[in-house]
Every structure is written in structure tokens, then in C-alpha cells.
Amino acid sequence: MTMGKPSRRQFLKIMGATGAALLAGKKAAVANEGHKINNETIGMLYDATKCVGCKACMSACKRVNGDYGSLSYERAKFDTDGLWDAPEDLSGSTRTLIKLFKQSEQEWSYVKYSCMHCQKPSCVSVCPVAAMTRDPETGIVDYNKNTCIGCRYCQVACAFNIPKFQWEKAIPQIVKCDLCKNTNLPKKGISACAEVCPAGAIMFGKRKDLLEEAEKRLRENPGKYINHIYGANELGGTNHLYLASMQFNKLGLPTLKDEAPAEFSEKIQHTIYKGFIAPVALYSTLCFIALKNMKGHGEDEHDTKNDKGGHH
Amino acid sequence: MGHDEYQTHEAKILTPSFIVLLTLTLIGFALIILRFVKGIGTVSNMSDGYPWGIWITYDVATGTAIACGGYAMAILVYIRNRMHYHPMIRSAILTSMFGYGLAGFSVMVDLGRPWNAYNFFVPSKWQVNSAMFEVAVCVMAYTMVLIIEFLPAILTTLEKTEWKTLQHMLDLVYGRLGMERPERIGDRLDKVKELAAWARPRLDKVLIFVIVLGITLPTMHQSSLGSLLLIASTKLHPLWHTGFLPLLFLINCMYIGYSIAILESVISCYAFKRPFETKELSGMARIIPFLTVIWLSVVIGDLAWRGQLGTALSFNFYSCFFLLEFCLIAAGSLILFSKKKRESIRWLFVSAALIVFGGALYRFNVYLIGFNPGKGWHYFPALAELMVTVGIVAFEILGYQVLVKLLPVLPRLHTREQHAATHPLGEKA
């Protein structure tokens, strides 16, 4: 009975101490967060109404990035001669992909998938060992297989399901577009897919120029497009932008909020761990209580002459 | 703490259950070898849509909660000052040690590029925004803490052992070789004994600081296990995706911790034919409903605040799993509110089991069942994938079974009676 009361009071003390630490952390965290879109970074504008579905971009991507990015050709079952590369989706062998969405004979659209190069990427926010990085200058979201531990948290985090894992390999890695950062870009100043597109469907450049061009197309062609630049604000903005004549969610581009999920999760994580104050406060408070309890118990047992082995 | 509070369970190691568990363990480990040779896709149904399967969901996210018995008991004994539970703590720590150690092992099986895991120790690679980083570092540290907490059991044994089996084996080997056994072996064994006798009281003195670390670390990483899914705002169903995930995971691991301590005690007393620890268990069971009521209130309050109560009662796929989880925990707690039922081993067992299942289902809901990456993705674990998990769990039980027969882990029977006498049941616990 006598032991119960002090311990409950001490419990309240811990709650108070950690609560205060949490509040202190929260203010500091809110003050230095909130990200801004950097329009000087580079990206791509894909215009689905211009795309002819020739897949030259897919072929160029594999040709250029095959060795560096660990890509390979995917054979179709019917293709016994192995003539074509026939990926069904983005995968551990394929960084970019053209798909056709057909609603009716009159209504259809191609769509190109590859990394969206978010302004506030979830994959970068969650990677425990900084294998996913975003270059603040170029805005390129890059992957380093020499650091990656293969935990696949980036896959869980990405709202676009872009990072892919090599499930069939003993030495697997994550595969995703890096805007030809180490291949075509340094050599030619443009990503391979944008370079080879014969229809002008992929425009490569600074985000501000891409946005300007997209707005111009929307303005000059009323009725041709859905009046929305996909990626302009989605999840805090992406550097891969889309124009299309069909609803974006039908093309496999999910309807998303403007807030980056990483803002939300980091806010909570920073609130708890800012300056490591809360864990230290918790540890010291618990030490204080535990030592006091041990001491009290020792005396108690000594008094009653009843210790069996006792303690220290 | 007094080391004669504990005793080694005297029984044969080679039992039928030992053989069964060993077989399952070996199957699991064979499949793990296959996974490393041929890739994760060979044994698992995980996909780019469901990159985390049963290994992360069960072995890591749920397994560590089930291994929270040591955490819950440490809070009870050292912070809430209920020293009369002290004799029960060592077996709780042993199961926690296995739970956490094997969760760490499962992670290494699940990681695609485990050889790069050293990056957790390279400060330039630390990514403190990542809940995964926090979980990984804390789980590694806590596993070390658990080993240190368990060390006294090993040291006591080293100190007292006569090395009979080892000496016998050495004699046999040297006999075969036709040589005399060198004197220095005996000396070395004595050295080990002396070292253990020297280390044990010194360890005892600082142990409390390690024990408190063993309370701080799970508080941190169990909440972070909830934080892990905060980022998946578009994939995790709104019934479970909330800013309260860290808090819910923390309370969840506490009530699972106390419930699993009850289950483990009942099961091991039954299996090892020891008297049930009814008094201690009913005292511990009193704490659980307080925790579950807080948890259930946060869940309901949060759903109401986010306007999702209608979703919860819509009886679709997600709603049914949510209601199942909710009802299991609520039912278990209701039973424990009754003093009479808390004093019956059968009801204690039933209610603790309901709460462990409900609490574990909550974690499954968050990591797998409520997780929907989009159209066209499906996941159900492959047989080989399940067998890896079964193998790891079998190894865990096997290890516990063997170690309680080798080391002083279980409460010594006579001290427990003494404790009962000095701390009558009327005292609140």
C-alpha cells in the first residue's frame, strides 16, 4: 500500500516532463519546416495528346541506362524468338513505360510512366541510410545502390509506386528513373527519352519553363486538354509534369492532395525527437524513479528482516 | 537482485516437442538459404505493390510487440515499484531477448542488400527523418540491452557449474587421441569461474541503468513502428491512417506485453507442470483494462474527429477487420474488469489471448490488411514465406525451452510462496 502512492505521483512527473519536452520540440520543429517549390530545378513535361505510342523512349532508356541502371529486356510469352522488349509495367528491369488507355474506339490516350522527381519526395524522407537523395540544384531524385540496404521503405512510401525492386535476383537493387543523371545528361544535357521522342511529346528543361509551356498549351487549345497540369501541385509539386485529354486518374495517375506526405510524417517525427530532448528526459526521469524505488525497497526489506538474497 | 529467486528447470531437453520444433526450424532455415541463393521472389509473394509482407508484418512489427513482456514487466517492477513481481522478470526478459533477436534476424532475411546494413553505423549516412532509422538503431540497442539484462543468469551458471559435461567430453576426446588431458584446461575453466564471480556483483551494481535504458528504448521504437506508416497516407486505409499511430502503437505494445506475460506464464507452468502463478497474474491483469480503455478511447475519439465513424460501421472488408480487432480487445478487457474472473486461470488465459490476438490484428491491419497500394495489386503470403516465419517462431520457442532447462530463469518455487506471504493479495498491483 505504502509503495503505491509515491510511484503514481512519480508517474505523473514523467508524463509532465515528457509532455513539456514534446511541446518545446514542437514549436522549434514548426518554425523551420514548410518547403518551397524550386522552379529552377529540371524535369520533363509529357504531353499525352502528342504521344504516338512508338515507345522509342522506352528503347532509348534501356539502351542508355541498361548497364549503369541494371536494366534488362523482358520477353513476352508469344515472342519465342526474343525480338521485342515487352515489359508489362515498370519493374526491376524497366525505368520508363508507355501504356495505352482505351475507353472506347474514339476515346483513348497513351501515358508514360517514370519517376515524378517530387519536390518533397517521400522516398528520400523515409530512406534510413540516405541511399535515396534529392539534389537541391537539379531536383533529381537519385538512388545509390552502394548505400541501399534493400528495406523497400521507399516503395511503401511512394504514392506513385515508382521505385521497383529486383525480386528475382540474389543481389537485388531498386530501379527508378534518375533523369539519366550519370549517362545521357552529362553527355548531351538531356534525358534519353526526351532526346529520342519523334513526336515532341516529352519536353525537357527547367521546371519554370515547363510550367510556362504547359500553361501556354492549355491557353491556346481550349477544350483539347483537361484543364490541369498534373504535378504542378500534387504532393507538394513534382518535376515530371503531365498534360492529357483524359482524366488523369484513368491514366493511372492518382488523384492526390497538395500536401507532401513527408511533411506530415516528418512533422510528427520531429515533434517527438527534436534535439533528442524527450528521450533523454524520459531516461533521466525513469532512472530517478527506479533508483528511488530500489532504495526504498532495500530499506523496507531490511526493516522487516525478511530479505532473501535482497538487492543492492 | 537476489539470484536465488530463480531456478533451473530440471527436465530432459530432448522431448517430442523439441524434435517437432527442431524440424520446423530446419525447414525454415533451409528456405532462408534458398532465399539468399535465388532471391526473395523465389520464396515470397511480395511484390512492388506489397513490398512488405508477412516477414515485416509478423516477425518485426507484431513479433516485437509480443516480445514486449520484458518491457512491460520492467515498468511494473522498477517504475511502478512492484518488487514482488521480480521473480517473474527473468523469463519475460528471455522471451523478449528471443523475440527481438529474431526480429532483427528476420530483418536481415527480408533486406535486399543486408551487406550494406553497416551504414547504420556511419554517421554521414544517418537519415534522422526516417522512422525506419530510429526503429533500426533502437531495436539493435535494445537487443544488446536485453542480452546484458539476461547476463546475470549466465554468469551465475558459469560461477556454479562444475563443467561436468565438458570435462567428460574432453576426457573422451583426449582418451581417443591417447593423450593426457593438459592441466591448463582445468585452470582455464577455473579462471572463467573466477571471472564470472568477479563480474556478477559489479554488473549488478550498474544493471539498473541498463534496465532503465531497456524501458526507454522500447518506448521510442514501439511508437516509431507506428510512425513508419505515417508516410503511406494514400495507401493505408483512413480507418488506420492517423497522426496518433505512434501513440496507438506504444499503448498497444504495453497491453500486449502484460497479456503475453500472462499467457507465457500460464503456458509454461502448464507445460513444465509447475503450479500456476495465479496471484501474480491476477494482479498484473488489473493493469491491462486501464491501458486498453485509453487505447480504445483514442481510437474512437480519433475516428470521430476525422469523421470516419461511418466508415468504421460500414461493414465492408476494411470495416470488418477493424471491428474484429476492436471487439477482440474490448471483449478481453471486459472480462478483466471482473475481480472474480481475474482470479481464475482459465479466464485470465482467455482474456489475455483475446487481447494479444486483437492487438496483433491491429498491427496486421496497419501493415498489411489496411494497406492498399492501388488497383491490380494483391498479396497473400506464399507457403515458403510462411514456413520461414514458422521456422523462426519455432526456433524462438525451442530456444526458450532449452535455456530454461540450462539456466536459472523460472521463479524459484519457495521464494514465490514467501513473496505471496509477505505481499498478500489484498495489496494492489
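Visitor: Why is Leu235(A) called buried?

Guide: Leu235(A) has 26 other C-beta atoms within 10 Å. The label "buried" takes 20 or more other C-beta atoms within 10 Å of a residue's own, with 12 or fewer for exposed, partly exposed in between, and C-beta atoms placed from the backbone. So Leu235(A) qualifies as buried. By the way, this is a predicted model: local features need pLDDT of at least 70, side-chain atom pairs count only at pLDDT 80 or more, and totals for chains, interfaces and linings use all residues. Residues are numbered from 1 along each chain as its sequence is written, while chains are lettered from A and ligands numbered from 1 in the order in which they are written.

Visitor: What makes the phi of Leu235(A) worth a look?

Guide: Leu235(A) isn't a glycine, yet its phi is positive, about 45°. Most residues other than glycine have a negative phi. Leu235(A) sits in the loop between helix 7 (207-220) and strand 9 (240-243) of chain A. Helices (H or I, at least four residues) and strands (E, at least two) are DSSP runs, numbered from the N terminus.

Visitor: And how do you know that His117(A) is buried?

Guide: Same test: His117(A) has 29 C-beta neighbours inside 10 Å, so it counts as buried. His117(A) also has a positive phi, near 45°, and lies in the loop between strand 3 (108-113) and helix 3 (122-126) of chain A.

Visitor: Which residues of helix 4 of chain B meet helix 9?

Guide: Gly69(B), Tyr71(B), Ala72(B) and Met73(B) do, and their partners in helix 9 include Met254(B) and Ile260(B). Being in contact takes C-beta atoms, placed from the backbone, within 7 Å.

Visitor: What makes Met73(B) stand out in the largest nonpolar core?

Guide: Met73(B) is among the residues with the most contacts inside that core of 196 residues, along with Cys127(A), Ile202(A) and Ile262(B). Such a core is a set of buried Ala, Val, Leu, Ile, Met, Phe, Trp, Tyr and Cys residues joined through C-beta atoms within 7 Å. Helix 9 of chain B gives the most to the core, 14 residues.

Visitor: How do you know that Ile89(B) is buried?

Guide: Ile89(B) has 24 other C-beta atoms within 10 Å, so it passes too. Leaving out residues up to four places away in sequence, Ile89(B) touches Met73(B), Ala74(B) and Val77(B). Ile89(B) belongs to helix 5 of chain B.

Visitor: Why is helix 5 of chain B called largely enclosed?

Guide: Because 18 of its 22 residues are buried.

Visitor: How far does helix 5 (residues 89-110) of chain B reach from its first C-alpha to its last?

Guide: Helix 5 of chain B reaches 31 Å, close to the 32 Å expected. The expected span is 1.5 Å times one less than the number of residues.

Methods
Two residues are in contact if their C-beta atoms, placed from the backbone, lie within 7 Å.
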